[in-house]
2 protein chains.
Amino acid sequence: MDREKIFEELSIRNEKKIVLLIMDGVGGLPLNGKTALEAAKKPNLDALAEKSSCGRTIPVLTGITPGSGPAHFSLFGYDPIKYNVGRGILEALGIDVDVHEHEVVARGNFCTIDREGIVTDRRAGRIPTEKNQEIIKLLSENIKEIDGVKISLYSGKEHRFVIKLKHPELSDKISDADPQKEGLPIKFPEPLENNENAEFTANIVTKFMKKAIVVLKDSHPANALLLRGFSEYPMIPPMQKIFKLNPAAIANYPMYRGLAKLVGMNVLEVGPEIDDEIITLKKEWNNYDFFYIHIKKTDSYGEDGNFENKVKIIEKVDQILPEILSLNPDAIAITGDHSTPCKISGHSWHPNPFLLYSPYIIKDEVKVFTEKECAKGIYGTFPATDILPLLLANTLKLKKYGA
Amino acid sequence: MDREKIFEELSIRNEKKIVLLIMDGVGGLPLNGKTALEAAKKPNLDALAEKSSCGRTIPVLTGITPGSGPAHFSLFGYDPIKYNVGRGILEALGIDVDVHEHEVVARGNFCTIDREGIVTDRRAGRIPTEKNQEIIKLLSENIKEIDGVKISLYSGKEHRFVIKLKHPELSDKISDADPQKEGLPIKFPEPLENNENAEFTANIVTKFMKKAIVVLKDSHPANALLLRGFSEYPMIPPMQKIFKLNPAAIANYPMYRGLAKLVGMNVLEVGPEIDDEIITLKKEWNNYDFFYIHIKKTDSYGEDGNFENKVKIIEKVDQILPEILSLNPDAIAITGDHSTPCKISGHSWHPNPFLLYSPYIIKDEVKVFTEKECAKGIYGTFPATDILPLLLANTLKLKKYGA
């Protein structure tokens, strides 16, 4: 019996409320002797750490640097290797495109081709986003459907866009339509499996790409397109089914709203700031028993290598923490999805500092919420997929296993 | 998707250099209050531990005492349970016998039988090695091939030897040819699987054993032989493929050179002493990106229960450490393959003290490289198979997993 089945069998619904507060990319490495968590003034986080059980979480595997997709699946209690969602899906979620059953999505680039069809610029000179929007409008008006497959196009930033195909007989087992290098001819997708759906999909995409070149003939430099990461809608058993939760997501970036939706969360309306997230939390407190709250900017400033602003976001979270605690959640966990050290200006493999507070924890000797102190916590270093089971256990939402 | 596939997909080649320094059997238990690591004066190892992230590694599973084979597979990043290499192979590697595809090897004992074919001494009175070499020569001259199967014999120490069979239709699925006890008749192998190759191999080995008894009729006490641990050449995907490393092994004992060869390492020429290993390292520094350096004698003295000499070897490694560090490896890990406490005079199940130094580690509070102090390190106690992923991560040789 696998892990998921065990939780499905043991989980029960009750009135107790859980908060999972994710500071995206909060873990880091020392710069001038201190990590952002060590440099930040965060009396509330530290006071909570002092009352809590602490540890460090491994998002996927030791040494592996995860993208946001797998890192979040772990946080939501799902095996991130079993549910490795396609890049096309994540790109779509990132620009707020909903994906459903019978749909295949892919990430697109506008590119430049010469008269012989040779790709001379894979990013079409990074055209401005407004130009992208114009071209998407033009293409959408000219190509709505091919052989019964509905085609939808969505602008991203600069040269990027998302394509969505809708038909019951599609497959995502087709190759990227991208020569990967400039100086090579435009490439059409090939079926990766020997079946009708893959052949049908490759054929539709090829027709679409050829039609697009006709429509875009006067749109230099964006006169063709490349498509990568074809992905079907992933069938993931929802949190309601496996964990019996009635879960809500409070996140103001599309990617995280999308990831939450994939596991069945109710994605709540929220404004763009951290304060807006707290407003939503208070408003909706009585309607759900699980709240995933996502703080994006710890990661964004980590990616930018902006140590000072990363510290400020941590301090901002510290300021709003008492408002969350005043709601008296029965269990609250605070951690990151992955680390984003300013020293690396990107995601990293380092485990995330973690705390859990409930009436049922064993308080350890950790007094400060930092990478190094949490490493000394009672949980040690453990897989992030164990966070959700710990939260369920600490709110008495899991029955006994066996007699 | 399994772990190996993930690393194969994520690993990339770059110029950064890794050193994995293995002090075989370095971990131990206190004798008169101190372990060998605690008793040794090792300012350089301790200074490096102070700058590093520390922990303890579990070679196979908690409580399991590993042989050198599985312990090294873990160090090289391979699942030691999936790749459990046969004893015949390890015995062959141990006396510097190369093994290739289409070959089956086994460990042999010369033994004494009486006129009725009853084994009266399973070790033939532990004949001197020189006598063994004479007998091997005699047998080799008289039995070169049986039914198209090429037969090669190699002397070990005292009564021990290795046999190698070469033919495309061999199998290692045959039983040991050893009654296990004295007073029983000599035993011939039986096929363990119902297939032609196993039957063919058992038949060839039986013919060989009978011929040997004829050839050895005047060689009392070594007038017959026993064979155990038939093993085919194990097919292991090389480190070049899975981890994209260009790896080199510096080891002056045959077993470890052989283990390194099994995972695709380039086994470098080296003299018999620890100093020789450093000479080779310096000479070859520019030619590889991964160096496995093996120190044998910490284990040998552990096996002998020779505490004083185990301490001396640790102190010797401490002296040469600055020479390794002066090459500026981008990441260095130091640990054992398994523990070999003088108190036990043999391998043990105790985790190995571990340190890792790179620009991307979080320095912990460990200041001394010992069993007990490393247990307080930031990595805690973790599987030895995670060492290689950590080394790859710390040299930026792993791409991000998922988007």
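Analyst: Copies are superposed by least squares on the C-alpha atoms of residues with pLDDT of at least 70 in both. That matters here since this is a predicted model.

User: How is the relation between two copies of a chain described?

Analyst: Two copies of a chain are related by a rotation about an axis and a shift along that axis. In this model, chain A is superposed on chain B by a rotation of 123° with a shift of 0.5 Å along the axis, at an RMSD of 0.2 Å. The two copies are thus related as by a three-fold rotation axis.

User: Which residue of chain A comes closest to the rotation axis?

Analyst: That is A:Gly380, whose C-alpha lies 3.9 Å from the rotation axis.

User: How do I read the packing of two helices?

Analyst: Two packed helices are described by the angle between their axes and the distance between the axes. In chain A, helix H3 (residues 43–51) and helix H12 (residues 307–325) pack at about 60°, with axes 7 Å apart. H3(A) and H12(A) are therefore oblique to each other.

User: Which residues meet there?

Analyst: From H3(A) come A:Pro43, A:Asn44, A:Leu45 and A:Leu48; they meet A:Asp318, A:Leu321 and A:Pro322 of H12(A). Five residues of this contact are nonpolar, one is polar and one is charged.

Conventions:
Residues numbered from 1 in each chain as written. Chains lettered and ligands numbered in written order. Predicted model: local features only at pLDDT ≥ 70, side-chain atom pairs only at ≥ 80, totals over all residues. Axes fitted to C-alpha atoms, helices over the stretch in contact; angles between N-to-C directions. Helix = DSSP H or I, 4+ residues; strand = E, 2+ residues; numbered from the N terminus. Parallel < 35°, antiparallel > 145°, perpendicular 65-115°, else oblique. Contact = placed C-beta atoms within 7 Å. Nonpolar A, V, L, I, M, F, W, Y, C, P; charged D, E, K, R; others polar.
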